[in-house]
Structures are given as C-alpha cells and as structure tokens.
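My entries follow in the order I made them.

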Amino acid sequence: MKKIVYLFSFFFMSLLTSCADEKIEEMNQQSPLTRSVVGNAFAVNQQLKRGINIGDTFETGNYEGIWNSMYFRYIAAMGFTHVRIPIHWETRVVPGTDIIEPDFMQKMKNVVTEALRYDLYVIINMHNHLNLMNNPGQYQGRFLSQWRQIAEAFSSYSDKLLFEILNEPGSAITPELWHSGLNYVYPIIRQSNPNRIILVGTPYGGGISGLGRLQLPFDDDKTIVTVHYYNPFTFTHQGASWVGGNSDEWLGTEWHDTEAERMTVDWDLKEILAFERKNNVPIHMGEFGAYEKADMDSRVRWTTYLARQFEQHGFSWAYWELYAGFGIYDLRNQMIRQQLLDALVTNPIPEATTYTKIPVYHADFSENEDGWYLLDNERAGANAFMTRSNGKLVVNISSIGTYPSQIQLVRIDTLNRIPTLVNGQHYLVTFKSSSRLSSRTVTGPYSRWYNSYVGQNYSPWNAYSTIKRFAIGEEEEVRGYLFYMNEDTDTNCRIFFDLGAAPGIFTLSEFTLDIVEF
C-alpha cells in the first residue's frame, strides 16, 4: 500500500510540476541573481501574494538533512509565489568568533539561488536567536555583526530576495529596545543593500498585540511589517508540547466556521488594517497555521477563511509550514495533504455554519454602573476616575503607571447576574466602546490599545478568554471575542478592561456575554 501511495504521489507531483519546468526554461535565460523587481514595498507585497514557510529545517535542524531543492519546484507548481526560510544563524559560527561558518553561508546561498531559479520570491530571516531575546545587551553585537555578514553575502542577489530582521521579537526585547535595535540594524543592511525590501516584526512576540507598540525607525518605502496569526491559540496549538501548560487540555477544540468565530477573526484583522492605513506600510502575514493534532475538517475551515480574508484585505501571507507539524506535505507517506493545499490556494469562503446564542449577561448602563468599578494603582503613579453619563461608563485617565493593568475597569459578579461559567462551553463577548487620547499623549507606540478578558477572581487570576488587545478609536464601535471555557467551572468570574496604556478618556456603553452553541 505504501508503495502505491508513493507512486501516486510521485506521478501527481510530476504532472503538477511540468508547467513549472517549462516556465523555468524560459527564466533561465537570465541569472536568478540579477533578476530585478521594480516598485516600493506596497508593489512588492502585492507580488509576494501566497507563500509557505520552510519550517523546522534551517532554524531547528530537524529536517535540514533531508532538504532537497526539488521542494521549490513543487512549491512553485502548487501555486505559491514566495517562500519564507527561517534560519538559525546565531550558533552557526566559527568557534570563538561571531563569523558565520563559511560552509553554512554557502549552503544558504545555494538554497536561495535554487528558490529564485523557480521564480519564487524569497524571505530569509534571523530565527531562534534565543540569547539575544534573553540578553539583548550582551548579544546585540553578534546580532549586528551577523546581519552585516548576511547583507554583504547577498548584496548582489535579485531584489526578489527579502530580509526579515528578527522572528517574533520578545522576551527581554522590550518595544523600546526593539525600536532602538532597528535604528542600528537598518543602516547596516542599507549600506550594502540600499534597495532591498526589509520585513519588520512586532514586539511582544510577533503578533497583533505588539502592533500598538511598534515604531518603525524612519520613513522607508521599502519596509513591510510582518504579523503572525494563530488565533484562537487554544485551537491552533492544541496538544503542542512546546507550548506547555494546558495545551493537552485543549485537545478536541474545533473551529466550526460560524459567524461568531469569523467575527473574532475580522475584529483582529481590522486592527491590522487600521495599523496599515495609519502608518502607510504594507502587511505580510508571515505565519499562520493549525497544528496537526486539531481535526482536519476544522483546520481546513480555519485555513480557508484566514487565507481568503488576508487576500481580501490586500495582505500577503506565508503559511506555517511545508512538511512538519503544521505541514501541507506528509513526509511520512510522501503525499500532499490536498485538503490543506486547496484551503490555501483554491477554496472560496463557504456559507457560515449556523449557531445559537443564549444570553448570559447584558449591561447598557442606562440606570446604574451595574456592579462595574475602577481600580487604579496610585502608588505606581496611575490615576483615573469613573463617572456614568448618558448611559455610558466614562473613565478619565489622567496619568498611567508602569503597566496597562494598573488601571482597570472591572466587574465582579457580586450581584449574581452572571450565571456560572461552565467548563466545556463556548462564550462570546461583545462590547461597544470608544476612546479619546489626551493631547499630552505622545502618538506612536501607545495609541488606543486596551486589553479585555474574562477570568478568575482569585489568584493566579487566569484569563479564561486569554488577554485580547483592541485598538479602540474615537468613533463608538462594537468589538468582541469568542472563548472556550476549558478550566474548572467558575461561579464568580471577573471581567477586566486594562486601560492604563495612555492618558485620555475611555467609554463603555454596552457589554454582552452569550453562550454559543454550534
């Protein structure tokens, strides 16, 4: 049986790649190192379109030994237009120096050359630089030295090669340190690559939550911002051993493709779109995917919706990844997972799955505060007060503390109006809010980003919903999120808004919590 499967896969891939080979013969009239791209970052981002990550290979080494350039042939034939190649440069050095091993540098040059030969755009990055993440002061020198070497080594390559400065900057790399680091690394790259497109990730680990704290170093029309998207995390990373904690408890989490689930995605993407427009910089969704322990039907539904929505917003994207735990190619059986491939490149968005909403709690503040109150940590310098006006809770924030959580709008269920949150239930939170920043606020890293979550009213104060971050503007809008109650049933939950990001005024006019049944 395995032999039949292998032969089927072989013949399928041979047919799939025949057209690509014809195109490559024409392309080889010119060197892949010299083919150029015309346009600024927006134009290039539109040409990136659909991509895939070569994950678990050159950044972990797990599959480096089986790598073969034929994979680029398959990738191009399957309809992808770019590849993202995560690379762990940090430890590939000559002992006692910061010099990248010549053999490894040559290997990466060969890999990039092969990808370009199949007319793919190529993104190479700095991946898994754990020492830098944990101790940026000590390892910044190596980071900058290696970027100088990489930039010089690839300076003559086609403009279809792009550089991504660092994968998922986080840990000890604060937003301020990230901004400072960009100001160091950009001139180093630009010295040898003045026209190279550069991708910049967001602080706090590369996701949406870091958008509000990302400051680009200067006006550069050859910069693309890259964002990673794995929401809902309890679905995309169920059973993922490296996540630790409760990942095994998430097993069995499904994504049903209801309007409620789509809305939570749409609200997230709205934040990204707002950042793109405000900063006039294109967006690349550099990673998204659901781990293999999720059921395939849910993975296909989620992947289809995400890919088509990214495209509708004009974002380029790169799926995580080719052939490991999230992969579209089954290495064990040497077969394409056709359902996932279709989800990425051909499936249209279907009609949404129907669902039922059961009201749990609603507040409109027309008569009173309904048990909501304000906490501020004056000892940390945070100061705010709350009033009720025209059916809205109005929080006036005069000064902020060290963390956004040092000013909180909170509701504890002392009035017994919220029924017990039951393990195994899905809940949908929606709220209507607006904000206006103080004129004293420096625009840029802070903006109007606030956290909302539903969680425990006791230590360790776990957030059942995970912490959701929202960019809330001056026009009143409805926002929200869906969460699965995968912890013990709670008879006295707590609702939080963290408001201590910047001085100004925050208003809340409605808050609703519903059970969602699929």
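**Notebook: helix and residue look-ups**

I began with helix α7 (residues 175-192), which has 18 residues and spans 27 Å from first C-alpha to last, close to the 26 Å expected at 1.5 Å a residue. The expected span is 1.5 Å times one less than the number of residues. Helices here are DSSP runs of H or I with at least four residues, strands are runs of E with at least two, and both are numbered from the N terminus.

I noted the source: this is a predicted model, in which local features need pLDDT of at least 70 and side-chain atom pairs count only at pLDDT 80 or more, while totals for chains, interfaces and linings use all residues. Residues are numbered from 1 along each chain as its sequence is written, and side-chain values use heavy atoms, with hydrogens and water left out.

**Helix α7, continued.** I listed its buried residues as P175, W178, G181, L182, V185, Y186, I188, I189 and R190. Buried means under 20% relative accessible area, exposed over 50%, and partly exposed in between (1.4 Å probe, protein chains only). Their cover includes α6 (136-153), β4 (161-164), β5 (198-201) and β6 (223-229). Contact means heavy atoms within 4.5 Å.

**N45.** I found N45 in helix α2 (residues 41-48). N45 counts as buried because its relative accessibility is 2%. Its side chain reaches the backbone oxygen of I283 at 3.0 Å. Not counting residues up to four places away in sequence, N45 touches I224, P282, I283, H284, G314 and S316.

**V243.** I placed V243 in the loop between α8 (233-236) and α9 (259-279). With a relative accessible area of 28%, V243 is partly exposed. Leaving aside neighbours within four places in sequence, V243 is in contact with F233, H237 and W250.

**Backbone checks.** Most residues other than glycine have a negative phi, and most peptide bonds are trans. I therefore wrote down the exceptions I looked up, with the general rule in mind.

- Y204, in the loop between β5 and β6, has a positive phi near 65 degrees. It is partly exposed at 42% relative accessible area.
- N280 has a positive phi of about 50 degrees although it is not a glycine. I found N280 in the loop between α9 and β7 (283-288), exposed at 60%.
- The peptide bond from W320 to E321 is cis, with omega near 10 degrees. E321 lies in the loop between β8 (316-319) and β9 (329-330).
- The peptide bond from S459 to P460 is also cis, with omega near 15 degrees. P460 sits in the loop between β17 (449-455) and β18 (468-471).

Notes:
A polar contact is a pair of N or O atoms within 3.5 Å; within protein, one must be able to donate a hydrogen and the other to accept it, and residues adjacent in sequence count only if both atoms are side-chain atoms.
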